[in-house]
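Visitor: I have a structure to look through and would like to ask about it piece by piece. Could we begin with a term that will come up along the way?

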Amino acid sequence: MNLVNFKQNVYRFLAKNSFTNKLHHDRYWGKLLKYLRKYENETQKFIWEDLYRFALGRPEVFKHFLNGKIINSDFDQYVKAKYEDLIQFISQIENHEDYNILELGSGWGKNLIYLSETFKKNKFIAAELSISGRKITDFFSTKFNLQISSIQFNYKSHKRFIRKWSKNNSGPVIIITSFSIEQVPLLNKKFFLDLLNCHNKIIAYHIEPIAFQVQERDFPFKDFYTEHYNRNFYSILKELEDESLIKIIKIYVPAFGHSDNTTSKETIVIQWEKL
């Protein structure tokens, strides 16, 4: 076995057990966690923006897709385009103020922190694998009195999360994922079945690079990434729909994309609700 094959086999083993995701994100968000020490009396908006810029490498121009065209934006335009569709989705849900908003794979909490500025009456749950990611979320929640609680979460060993979350959960749920499911090559259908048992009113919004699954095309990423990019999310949703457990509301290509790479080109939005 040559060195390249050995490294690939090690990577596949670690990825299979979520070790790569945890190590990568704890290292990555750990840099942001150390960066937090510089803040004293800055506002929530300032810290959020500064962390976001730092995580992206502080580019001067934000190159991305918008309505099918590649454009160059400043930071404010980039952020507005990124969240516009999700905010509209939540706003159109009847009595949306009564819902808990749960993000699976919440990273350092940037999405929920941003959404909490618009949806001030909602409670948010940040479900995240990495310790450093949850610590950053807790920093914002404590410092600025946000209605965001963090909880340990792993797609591949979800029972503890389900028990803890369902025990403390009250009210209907909006589930969101943003490039989180993409990192689980093969999901377990049991996770979704257990999730559906947590409440009788669940609505979900996923933005994930799985267009190839919906369109029944070959895996578009390099073979090396078969243990990184998801390959069965859509088939699970279809099974759940065939069993009359959920209804897929809408599938569409979002107006916004992060860049012009394969991941962006494969990104779609899937919305569903529990029946």
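This is a predicted model: local features need pLDDT of at least 70, side-chain atom pairs count only at pLDDT 80 or more; totals for chains, interfaces and linings use all residues.

Visitor: Which residue does Glu49 form a salt bridge with?

Guide: The partner is Lys45, and the closest N and O atoms of the two are 2.6 Å apart. In general, side chains of opposite charge can pair when their charged atoms come close.

Visitor: And Lys45, is that one buried or exposed?

Guide: Lys45 counts as exposed, at 53% relative accessibility.

Visitor: How far apart are Glu49 and Lys45 in helix H3?

Guide: They are four residues apart, so about one helical turn separates them.

Visitor: How many salt bridges does the count come to?

Guide: The count comes to eight salt bridges. One of them is formed by Glu243 and Lys189, with the closest N and O atoms 2.6 Å apart. Glu243 lies in the loop between helix H10 and strand S8, whereas Lys189 is in helix H8, so this pair ties together parts that are 54 residues apart in sequence. Both ends count as partly exposed: Glu243 has 40% relative accessibility, and Lys189 has 21%.

Visitor: Which residues meet in a salt bridge at 3.1 Å, N to O?

Guide: Those are Lys238 and Glu241. Both lie in helix H10, three residues apart, about one turn of the helix. Lys238 counts as partly exposed at 29%, and Glu241 likewise counts as partly exposed at 22%.

Visitor: Which residues are linked in a network of salt bridges?

Guide: Lys38, Asp50 and Arg58 are linked in such a network.

Visitor: Are Trp48 and Phe75 buried or exposed?

Guide: Trp48 is buried, with a relative accessible area of 5%, and Phe75 is buried too, with 2%.

Visitor: Which residues form one aromatic cluster with Trp48?

Guide: The cluster also contains Tyr52, Phe62, Phe75, Tyr78, Tyr83, Tyr114 and Phe256. Tyr83 has a charge over its ring as well: the charged end of Lys82 sits there, 5.2 Å from the ring centre. The charged end of Lys250 sits over the ring of Tyr252, 4.8 Å from its centre.

Visitor: Now the strands. How do S1 and S2 pair?

Guide: Strand S1, residues 62–66, and strand S2, residues 69–73, pair in the antiparallel sense over five bridges. For example, the bridge partner of Lys63 is Asn72 in S2. The two strands form a hairpin with two residues between them, and Asn67 in the turn has a positive phi of about 55 degrees.

Visitor: Which strand pairs with S1 over two bridges?

Guide: That is strand S9, residues 256–257, again in the antiparallel sense. Here Phe65 has Gly257 in S9 as its bridge partner.

Visitor: Where is Cys198 found?

Guide: Cys198 is in the loop between H8 and strand S7. Cys198 is buried, with a relative accessible area of 15%. In sequence, Cys198 and Gly171 are 27 residues apart, and in space they are 10.0 Å apart, C-alpha to C-alpha.

Visitor: To finish, how many helices and strands does the protein have?

Guide: The protein has 11 helices and 10 strands. Of its 275 residues, 49% count as buried. Among contacts between residues at least 6 apart in sequence, 71% join residues at least 24 apart. The accessible surface comes to about 14,500 Å², and 50% of this belongs to carbon and sulfur atoms.

How values were computed. Residues are numbered from 1 along each chain as its sequence is written. Side-chain values use heavy atoms; hydrogens and water are left out. Buried means under 20% relative accessible area, exposed over 50%, partly exposed in between (1.4 Å probe, protein chains only). Rings of Phe, Tyr and Trp (its six-membered ring) pair if their centres lie within 6.5 Å; planes under 30 degrees apart count as stacked, over 60 as edge-to-face and the rest as tilted. A charge sits over a ring if NZ of Lys or CZ of Arg is within 6 Å of the ring centre and within 35 degrees of the ring normal. A salt bridge is a side-chain nitrogen of Lys or Arg within 4 Å of a carboxyl oxygen of Asp or Glu. Two strands pair if DSSP finds at least two bridges between them. Contact means heavy atoms within 4.5 Å. Accessible areas come from the Shrake-Rupley method with a 1.4 Å probe; for residues, only the protein chains shown count as cover.
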